Amino acid sequence: MSVMIATATLDDVDDLLKLYFLVYGNSYPIRLGTDRQLMSATIAGGNDIWMIARDRERNIVAGSAVVEVDRPQKIGKLVGVVVHPEYRKNNVATGMIAEAVEKLLGGESPLNSIYTTTRTNSLGPQLMCLRTGFIPLGIFPNAHKLKHYETVTLMARYSPGVLQRRHPVPIVSEKLLPLLHAMNANIGSGFVPEAMRAEKTAGTGKELEFEIIEAEHFIMRRFRETVLDSSTYFYPFHLPNALFTSLDGTVEIFAFLSRADRYCTLISTNVPFYKLADGVTDFLDALKDHGAEYIETLLPLSDRANIAALLYDDFIPSAIYPAMREVDGIMHDYLAMSRTMDPLNFRGMQIAGPFKPYLDQYVALWKRIHLDTLEVFNEFR
């Protein structure tokens, strides 16, 4: 079978909708495969890259792949990769990805990196990305609950020289070292920061009650008015759809909340985590009341105080995205931390070999937090 890879046009939207429905039915969770208006706007907008593979002889769209682009932050996200069942094992996916990567990371590259997340209910998506040069950076256990809990992986690919411009972080919590060693093995780095023992950071200590606001336009206005420093909310391609505010008005936390798969991303807070103290626990209780069973946030690897606070509240380092953000020509590493409210569930999971060290360090730290502190008494009193 011979296919031609090209940039999608508005004339392809109908065929793309048919392709995503053929492969996923009504279960596809991404709008860039089910929402005609959004798909048309994305193709016509010219900001993102949408590649298709077309069999011209049969006039069939055999594959689709999209890279969403944040040009000011010089980062892209690979999403929506799908291949027609009759064209699998014909390098259709790898061809589309290679073409998109060359446009965005090759030559006079407009981007520093492209990242993607892949499901682990099968090996295919992971192997596809590994074969096209994506580097394994971590995993997110229990990140989504569709039919079952699902773990997803994180990978990224870089423009030449970007990793060499990383700003080294000299000191990190000792709990991060296994994750750093796994990342170093994949990016070819030998630098290991000094380890320090994480301590709880003092905060207000007062109990907080939270209420949720879910008014989309109000939240975005409030977000743009109050969150002026991009370093306090840098989380690519996530915008808040929920605002958690303490009843006394002192704490506001912007989040993206998906009740459908019980997933929540913390985007920004007006009070640092390390100043909230027990208020973090109060907030997590409020999140669970609103259907969130997996919580994730992103912090600069150099932000020791907030990382220590989240470690104390049982967040686990899940992935490191090296050279994620550029500031004045210097690339900064970011740490993804997550907390699952329910017991770990790896049913049906398949992972490629390079992700095993990330899974091992996560499970070891989870056991250390939740099991190794268990006190056992041998005598009745």
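## Basis of the description

Residues are numbered from 1 along each chain as its sequence is written, and side-chain values use heavy atoms, with hydrogens and water left out. Because the model is predicted, local features need pLDDT of at least 70 and side-chain atom pairs count only at pLDDT 80 or more, while totals for chains, interfaces and linings use all residues.

Helices (H or I, at least four residues) and strands (E, at least two) are DSSP runs, numbered from the N terminus.

## Helices α1 and α2

Two packed helices are described by the angle between their axes and the distance between the axes. Helix α1 spans residues 13-24 and helix α2 spans residues 36-45; their axes come within 10 Å and cross at roughly 125°. This makes α1 oblique to α2. Axes here are lines fitted to C-alpha atoms, for helices over the stretch in contact, with angles running from 0 to 180 degrees between N-to-C directions. Angles under 35 degrees count as roughly parallel, over 145 as roughly antiparallel, 65 to 115 as roughly perpendicular and the rest as oblique.

The crossing of α1 past α2 is right-handed, a term for the near helix being turned clockwise from the far one by less than a right angle, with anticlockwise giving left-handed. On the α1 side, Val13, Asp14, Leu16 and Leu17 meet Arg36, Met39, Ser40 and Ile43 of α2. The residues of this contact divide into five nonpolar, one polar and two charged. In this grouping Ala, Val, Leu, Ile, Met, Phe, Trp, Tyr, Cys and Pro are nonpolar, Asp, Glu, Lys and Arg are charged, and the others, Gly among them, are polar. Contact means heavy atoms within 4.5 Å.

## Helices α5 and α10

The axes of α5 (residues 177-187) and α10 (residues 356-370) come within 9 Å and cross at roughly 175°. The two helices are therefore roughly antiparallel to each other. Pro178, Leu179, Ala182, Met183 and Asn186 of α5 meet Pro357, Tyr358 and Gln361 of α10. The residues of the contact of α5 with α10 divide into six nonpolar, two polar and no charged.

Within α5, Leu177, Leu179, Leu180, Ala182, Met183, Asn184 and Ile187 are buried. Buried means under 20% relative accessible area, exposed over 50%, and partly exposed in between (1.4 Å probe, protein chains only). Gly188 follows α5 and has a positive phi, near 75°.

## Helix α9

Helix α9 covers residues 304-312, and Asn306, Ile307, Ala308, Ala309, Leu310 and Leu311 in it are buried. The buried residues of α9 pack against β8 (171-173), α7 (273-276), β14 (294-300), β15 (316-327) and β16 (330-340). Asp314 follows α9, with a positive phi near 70°.

## Strand β13 and the cysteines

Ser268 lies in β13, which runs over residues 263-269. Ser268 is buried, at a relative accessible area of 6%. Leaving aside neighbours within four places in sequence, Ser268 is in contact with Phe223, Val227, Thr232, Tyr233, Glu252, Ile253 and Phe254.

Cys264 is buried at 0% relative accessible area, and Cys129 is buried at 1%. A search of the whole structure finds zero disulfides, a disulfide being a pair of cysteine sulfur atoms within 2.5 Å.

## Loop residues

Most residues other than glycine have a negative phi, and most peptide bonds are trans. Asn91 is not a glycine, yet has a positive phi of about 60°. Asn91 is in the loop between β4 (75-83) and α3 (92-105), and counts as exposed at 60% relative accessibility. Arg262 likewise has a positive phi of about 60° without being a glycine. Arg262 sits in the loop between β12 (252-258) and β13, and is partly exposed, with a relative accessible area of 30%.

Glu174 is in the loop between β8 and α5 and is partly exposed at 24% relative accessibility. Glu174 and Met196 are 22 residues apart in sequence and 5.4 Å apart in space, C-alpha to C-alpha. Beyond its neighbours within four places in sequence, Glu174 is in contact with Ala195, Met196, Arg197 and Arg368. Gly161 lies in the loop between β7 (149-158) and β8 and is partly exposed at 34% relative accessibility. Between Gly161 and Asn112 there are 9.1 Å in space, C-alpha to C-alpha, and the two are 49 residues apart in sequence.
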